[in-house]
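Here is a friendly briefing to read alongside the model. Please keep the viewer open as you go.

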Amino acid sequence: MLKEVVVTEINPTPTIEDYLGVMYTLDRDGESIIGAKLSELLEVSAPTVTVTLKRMIRDKWITMDQKKEIHLTKKGVTAAASIIRRHMLTEWMLSRILDVPWSQVHEEAHKIEHSISTDVAEKMQARLDDPKLCPHGNPFPGFEKMTQTWLPLVDLEQGDHFIIRRIHEFGEEDGQLMSFLQNNGIQPAQEGCIKEKLPFNETLTLQISDAAVSLGFKTARLIFIEKVG
Ligand SMILES: [Zn+2]
Ligand SMILES: [Zn+2]
């Protein structure tokens, strides 16, 4: 008689790591984790998401409740935090050691992060002086409190002064947006003020150094600032 063979993944595959990372970020932001959001954020079809979620439930990375909302298991949280940490350390390595432009480090790190071992990640962490935020200002797992007082840029009014602190992870995903932000000096530590806010048009015009830069509200929701003055 054949014995039943139970296959369980010990380490998540790169695909599973991508799902875990997005799930962790949604959960951190207090958003519900549902298939439709994963399909949009990971740019994969709904049927593909369904198949992957089934595998993830089988391998105990997640559970799904009656409302079809997804919850990370303890094992899932640990694996998600690990891939996010490796991603952020890789971003710093690329930017500080290899001088890869700020707007490109996310995309480049995404290709490398899955193959970094725990040992190498620890060495990177020490060499990079224990960073608590990624080069875009997003918190390493466990350091979420550091970003809590920063406001979305879209909440400011005309005349408000600010220091840019953070571009949300879901903004990092958009290469064109990242190049635009870098070209216009919209990066952490940059100061600026709101020159004009047009709610009917859903646009904000920022004064950054000597230049005026217009942004849509959608983009301004992904940029977090510290108010000054
Ligand atoms: Zn990133
Ligand atoms: Zn980043």
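This is a predicted model: local features need pLDDT of at least 70, side-chain atom pairs count only at pLDDT 80 or more; totals for chains, interfaces and linings use all residues.

Residues are numbered from 1 along each chain as its sequence is written, while chains are lettered from A and ligands numbered from 1 in the order in which they are written.

**The chain as a whole**

- The protein chain has nine helices and eight strands, where helices (H or I, at least four residues) and strands (E, at least two) are DSSP runs numbered from the N terminus.
- Its C-alpha trace spans about 80 × 45 × 30 Å along the principal axes.
- Of the 229 residues in the protein chain, 30% count as buried. A residue is buried if 20 or more other C-beta atoms lie within 10 Å of its own, exposed if 12 or fewer, and partly exposed in between, with C-beta atoms placed from the backbone.
- Taking contacts between residues at least 6 apart in sequence, 60% join residues at least 24 apart. Here a contact means that the C-beta atoms of two residues, placed from the backbone, lie within 7 Å.

**Helices**

- Helix α1 (residues 14-28) packs with helix α4 (residues 74-97) at an angle of about 95°, and their axes are 8 Å apart. That makes α1 roughly perpendicular to α4.
- For reference, axes are lines fitted to C-alpha atoms, for helices over the stretch in contact, and angles run from 0 to 180 degrees between N-to-C directions. Angles under 35 degrees count as roughly parallel, over 145 as roughly antiparallel, 65 to 115 as roughly perpendicular and the rest as oblique.
- On the α1 side, the contact involves Glu17, Leu20, Gly21, Met23 and Tyr24, which meet Gly76, Val77, Ala79, Ala80, Ala81, Ile83 and Ile84 in α4.
- By class, this contact of α1 with α4 has nine nonpolar, two polar and one charged residues. Ala, Val, Leu, Ile, Met, Phe, Trp, Tyr, Cys and Pro count as nonpolar, Asp, Glu, Lys and Arg as charged, and the others, Gly among them, as polar.
- Helix α3 (residues 46-58) has 13 residues and reaches 19 Å from its first C-alpha to its last, close to the 18 Å expected at 1.5 Å a residue. The expected span is 1.5 Å times one less than the number of residues.

**Nonpolar cores**

- The largest nonpolar core has 22 residues, of which Tyr19, Leu20, Met23, Tyr24, Trp61 and Ala80 touch the most other members. Such a core is a set of buried Ala, Val, Leu, Ile, Met, Phe, Trp, Tyr and Cys residues joined through C-beta atoms within 7 Å.
- α1, β2 and α4 each supply at least two residues of this core.
- Another core, of 16 residues, lies apart from it and includes Phe162, Ile164, Leu204 and Leu215.
- Tyr19 touches Leu38, Leu42, Thr52 and Met56, not counting residues up to four places away in sequence.

**Positive phi angles**

- Most residues other than glycine have a negative phi.
- Lys68 has a positive phi near 65° and sits in the loop between β1 (62-64) and β2 (70-72). Lys68 is exposed, with 12 other C-beta atoms within 10 Å.
- Asp99 has a positive phi of about 55° and lies in the loop between α4 and α5 (105-112). Asp99 counts as exposed, with 7 C-beta neighbours inside 10 Å.

**Single residues to look up**

- Ile33 belongs to the loop between α1 and α2 (35-42) and is buried, with 21 other C-beta atoms within 10 Å. Leaving aside neighbours within four places in sequence, Ile33 is in contact with Met23, Leu26, Asp27, Glu69 and Ile70.
- Pro188 is in the loop between α8 (175-183) and β5 (191-198) and counts as partly exposed, with 19 C-beta neighbours inside 10 Å. The C-alpha atoms of Pro188 and Pro135 are separated by 7.9 Å, although 53 residues apart along the chain.
- Thr205 is in strand β6 (residues 203-208) and is partly exposed, with 14 C-beta neighbours inside 10 Å.
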